[in-house]
Amino acid sequence: MLGLRFQVEGWVLMLVIMAVAQVAVIYGEFFEPFNVSYDHRALILGGQRRMLISAGIHYPRATPDMWPGLIAKNKEGGADVIETYVFWSGHEPSRGQYYFEERYDIVKFVKLVGANGLYLLLRIGPYACAEWNFGGFPVWLRDVPGIEFRTDNAPFKDEMQRFAKKIVDLMKEENLFSWQGGPIILTQIENEYGNVQGSYGQGGERYMKWAAGMALGLGAGVPWIMCRQTDAPEAIINSCNAFYCDGFKPNSYRKPVIWTEDWNGWYANWGDRLPHRPVEDNAFAIARFFQRGGSFHNYYMYFGGTNFERTAGGPLQITSYNYDAPIDEFGILNQPKWGHLKDLHKAIKLCEPALVAVDDSPLYVKLGRRQEAHVYSSEQIDTNSTLPGNIGTCAAFLANIDEHKSASVKIFGKVYNLPPWSVSILPDCKTVAFNTAK
């Protein structure tokens, strides 16, 4: 009888734990509330600098029953963060009539991210581009009297502010920002506006500054970013979108180096060959990014998905948005890309204590004509001598940027062989944990 009582009590305890977990999901209490700030080195989560790997998933490009599996595979692959745009055209198909159900149930998606212990980068825009029909703008927007898109135009700014406020308020109501115990740690306003700002003249500059100020006034309580915006105001972090961002520097020393879009593939057009980016090149670009001072990296895309209905942008883009991503359109792991990048993420995470400990630039060592090292160490070291056995926090990245020739380099009294176009990662400054070409 005593054993039966303990068994019953065990079942009761398990049911209580499950009930508490369900309540946490309902109210968004996925983390102890924490603040997000930043310095010149990194985002600071709850008082700690972090090196973060983010993975792009667009919730409307998958069915809701796919979301849990996709998020879990992102986490298993080594992601800390999920990134998504917010798709205005899906959420407000008619002016003033909002829709947050089925594939557009963004609250459910964000809560699933938090329930998996991951953070979220919410790119509100509300212009998305994203190879999405009309760039994510609802079609009714063009019929607003006197409107001119993405410039210092009162009708457009009124509609844009109203939608951005709607999304921020919704996230706050659901307790989804970090300071509420939710997963959202970063938000974005506009999208690659620097690419087109000049064509609007002074109106473009005024609009950009207005958008930044408007976003800051919404009370999100987490940092805001603008990608490809070299003149972003001081209170907004400008970030990089490209195939390679290891040479990118923000427009202020007080801002961290953020890579919003690492194009690990590309979209496909009817009749064209399917784009492919070798994973060795992708891994090389990411390792170089962290080697040279980067701190937040996001895959565009980690899962591309499907352009359902009439959401594909442009006259020739196909319904598949597979993007040669680590997880394919159907939610299946794309090997060897997924596994190779997973191993890369592990190596970078092993380096994190050293990467966050160095307050300024790492130690730079020229190893050859096209070979170099960056060393992150909590203490002064001699790269020409063998490291002592009791070396403190130390990580090194050895790069060979020659595209065709291997190279042997010597550092710390040891010889390392580097394949062409590769980076070797040494989380203890001694042992190679990962080489991007292997």
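Predicted model: local features only at pLDDT ≥ 70, side-chain atom pairs only at ≥ 80, totals over all residues.
Let's start with α4. Its buried residues are I106, V107, F109, V110, K111, L112, V113 and G114.

Just past the end of α4 comes G117, with a positive phi of about 75 degrees.

How many of the 6 residues of strand β4 are buried? The count is 6 of the 6 for this strand (residues 52-57), so β4 is largely enclosed by the rest of the structure. Both of its faces are covered. On one side sit L52, S54 and G56, on the other I53, A55 and I57, and all of them are buried.

β4 has a parallel pairing with strand β11 (residues 296-303), made over 5 bridges. If you want a spot to look at, L52 has F296 as its bridge partner in β11. β4 also pairs in the parallel sense with strand β5 (residues 81-85), here over 3 bridges, and G56 stands opposite E83 in β5.

β1, β2 and β3 form an open sheet of 3 strands, in the order β1-β2-β3 and with antiparallel pairing. β1 (36-38) and β3 (48-50) are the edge strands, each with a single partner strand, so one side of each is left without a neighbour in the sheet. On average, neighbouring strands of this sheet are turned by 40 degrees against each other, direction ignored.

β1 and strand β2 (residues 43-45) pair in the antiparallel sense over 3 bridges. Within that pairing, Y38 has L43 as its bridge partner in β2.

## Aromatic pairs around F156

Searching the whole structure turns up 37 aromatic pairs. One of them is F137 with F156, an edge-to-face pair at 5.7 Å centre to centre, with 80 degrees between the planes. F137 lies in the loop between β6 (119-125) and α5 (154-173), while F156 is in helix α5, so the pair ties together parts that are 19 residues apart in sequence.

F149 is buried, as is F156.

## Arginines over tyrosines

R61 puts its charged end over the ring of Y321, 3.6 Å from the ring centre. R150 does the like with Y127: its charged end sits over that ring, 3.8 Å from the centre.

Some background first: most residues other than glycine have a negative phi, and most peptide bonds are trans. Which peptide bonds are cis here? One runs from G125 to P126, with omega near 0 degrees; P126 has its place in the loop between β6 and α5. Another runs from Y300 to M301, with omega near 10 degrees, and M301 lies in strand β11, the strand that pairs with β4.

Now for positive phi values outside glycine. E102 has a phi near 50 degrees and is found in the loop between α3 (88-91) and α4 (106-115). Its relative accessibility is 57%, so E102 counts as exposed, given that the cut-off is over 50%. E309 also has a positive phi, about 55 degrees, although it is not a glycine. E309 lies in the loop between β11 and α8 (337-357), and at 66% relative accessibility E309 counts as exposed.

Methods. Residues numbered from 1 in each chain as written. Heavy atoms only, no water. Pairing = 2+ DSSP bridges. Helix = DSSP H or I, 4+ residues; strand = E, 2+ residues; numbered from the N terminus. Axes fitted to C-alpha atoms, helices over the stretch in contact; angles between N-to-C directions. Buried < 20%, exposed > 50% of the residue type's maximum accessible area, 1.4 Å probe, protein only. Phe/Tyr/Trp six-rings, centres within 6.5 Å; stacked < 30°, edge-to-face > 60°. Lys NZ or Arg CZ within 6 Å of the ring centre and 35° of its normal.
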